Amino acid sequence: MSGMQFCDYQGDANKDNNLRRQGSFRKLLPLNTNGDSQLSMSVKMIDRPTVSQTNKEYAIYLQEYNILSEYNMLCTQDLKGIYVIPSAQNSLLWFGVQFVRQGIYQGGIFRFNIMLPQNFPDGGCPRVTFQTPVFHPLIDPESGELCTTWSFPEWRKSNRIWQLVQFITKVLTKVDIKMNSINQEAFNLLENNFEAFRDRVKKCVRESLNKVYDPPPVDDPHYITFSPYVGELYDSIKQEIYQSKDEEENKALGLSWVQPGSLQPFSKPEVR
């Protein structure tokens with residue numbers, strides 16, 4: 001797999017290459033903004049300050065540091081089966097892939113995009129749009145857009161993007177009949193004919209697997225791609241991994257304070 005998952009940015013931000021990015025994240029804050037140091041400005045990003053009229057020239061820098069702060073917070077969350085990374089060309093666009101591990105959509109691999117508002121962190125809830133068709137009451141069958149108001153009726157400044165990513169996993173793991181329906185057909189089948197609903201879901205799961213290796217629709221180095229398993233390349237590495245694990249399991253750990261053949265603690269060989 002090319003691309004990057006959550007933990008790729010979980011290092012010390014001061015290390016050499018951990019936070020080096022292509023594109024706009026390589027910009028740095030000016031040396032001074034009304035007496036604030038670069039460090040104090042970046043720390044304030046977590047609180048999402050309102051930029052005054054006199055500081056409009058710094059808005060773009062503040063926004064990008066804010067986005068980077070959001071991504072760093074996302075990296076610290078223990079979210080399972082999902083990959084997300086901002087675009088290298090547009091920090092407001094994030095690429096994602098959800099591997100569903102349980103529930104009725106189990107086995108599906110669904111691609112989605114997250115689009116942040118132009119005036120982020122203001123501007124309301126980021127939009128989530130699935131590129132892989134998903135038959136789901138909360139997902140528009142035409143546009144693929146996920147209805148986020150079920151969990152975020154109002155996007156507040158205290159909300160975080162990692163919570164939105166968590167919501168994506170939740171709606172594909174557990175389908176709630178009380179959800180506000182966007183796909184009326186999916187909702188009707190879920191409520192009145194669960195067997196037919198499950199058949200439609202299984203169909204979209206199979207279709208998602210057929211699209212895993214499709215070429216990227218955009219020319220972006222951060223777009224998450226996958227390649228088929230090639231035995232000639234990976235079998236030897238796989239064997240080494242399993243072999244080293246077996247050796248570690250059979251290896252005695254620590255020191256024994258019991259003489260072989262004895263059950264007495266701190267025993268020692270008999271002296272003759």
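Which residues form a nonpolar patch on the surface? In this predicted model, the patch is formed by Y229, V230, L233, Y234, I237, I241 and Y242, which together have about 710 Å² of accessible area. Patches are made of residues with over 30% relative accessible area and no salt bridge, like charges being joined within 9 Å and nonpolar side chains (Val, Leu, Ile, Met, Phe, Trp, Tyr) within 5 Å; accessible areas come from the Shrake-Rupley method with a 1.4 Å probe, and for residues only the protein chains shown count as cover.

Residues are numbered from 1 along each chain as its sequence is written. Because the model is predicted, local features need pLDDT of at least 70 and side-chain atom pairs count only at pLDDT 80 or more, while totals for chains, interfaces and linings use all residues, and side-chain values use heavy atoms, with hydrogens and water left out.

The protein chain contains 6 helices and 4 strands, arranged along the sequence in the pattern α-α-β-β-β-β-α-α-α-α; helices (H or I, at least four residues) and strands (E, at least two) are DSSP runs, numbered from the N terminus. Of the 272 residues in the protein chain, 38% are buried, where buried means under 20% relative accessible area, exposed over 50%, and partly exposed in between (1.4 Å probe, protein chains only).

Helix α2 (residues 59-75) has 17 residues, which at 1.5 Å a residue should span 24 Å, and its end C-alpha atoms are 24 Å apart, in agreement with that value; the expected span is 1.5 Å times one less than the number of residues. The helix is largely enclosed by the rest of the structure, because 12 of its 17 residues are buried. The buried residues of α2 are L62, Q63, E64, N66, I67, L68, S69, E70, Y71, M73, L74 and C75. Q63, with a relative accessible area of 12%, counts as buried, and its side chain reaches the backbone oxygen of Q118 at 2.9 Å; a polar contact is a pair of N or O atoms within 3.5 Å, of which, within protein, one must be able to donate a hydrogen and the other to accept it, and residues adjacent in sequence count only if both atoms are side-chain atoms. C75, also in the buried set of α2, has a relative accessibility of 0%. C125 is accordingly in no disulfide, and the nearest cysteine sulfur, that of C147, is 9.6 Å away.

Side chains of opposite charge can pair when their charged atoms come close. With a salt bridge taken as a side-chain nitrogen of Lys or Arg within 4 Å of a carboxyl oxygen of Asp or Glu, the count comes to 6 salt bridges. In one of these, the side chains of R160 and E70 meet at 3.4 Å, N to O. This pair links distant parts of the chain, with R160 in the loop between β4 (127-130) and α3 (161-173) and E70 in helix α2, 90 residues apart, and both R160 and E70 are buried. The side chains of K80 and D78 also meet in a salt bridge, at 3.0 Å from N to O, and D78 is exposed, with a relative accessible area of 61%.

A further salt bridge joins E195 and R198, whose closest N and O atoms are 2.5 Å apart. These residues are separated by about one helical turn, because they are 3 residues apart in helix α5; E195 is partly exposed, with a relative accessible area of 44%, and R198 is partly exposed, with a relative accessible area of 32%. F197 is also found in helix α5, but this residue is buried, with a relative accessible area of 0%. F197 and E185 are 12 residues apart in sequence, and their C-alpha atoms are 9.2 Å apart in space.

Most peptide bonds are trans. A cis peptide bond, however, joins F120 and P121, with omega of about 15°, and P121 is found in the loop between β3 (109-115) and β4. In the loop between β4 and α3, E154 is exposed, with a relative accessible area of 54%. E154 and G124 are 30 residues apart in sequence, whereas their C-alpha atoms are 7.5 Å apart in space.

Terms used. A disulfide is a pair of cysteine sulfur atoms within 2.5 Å.
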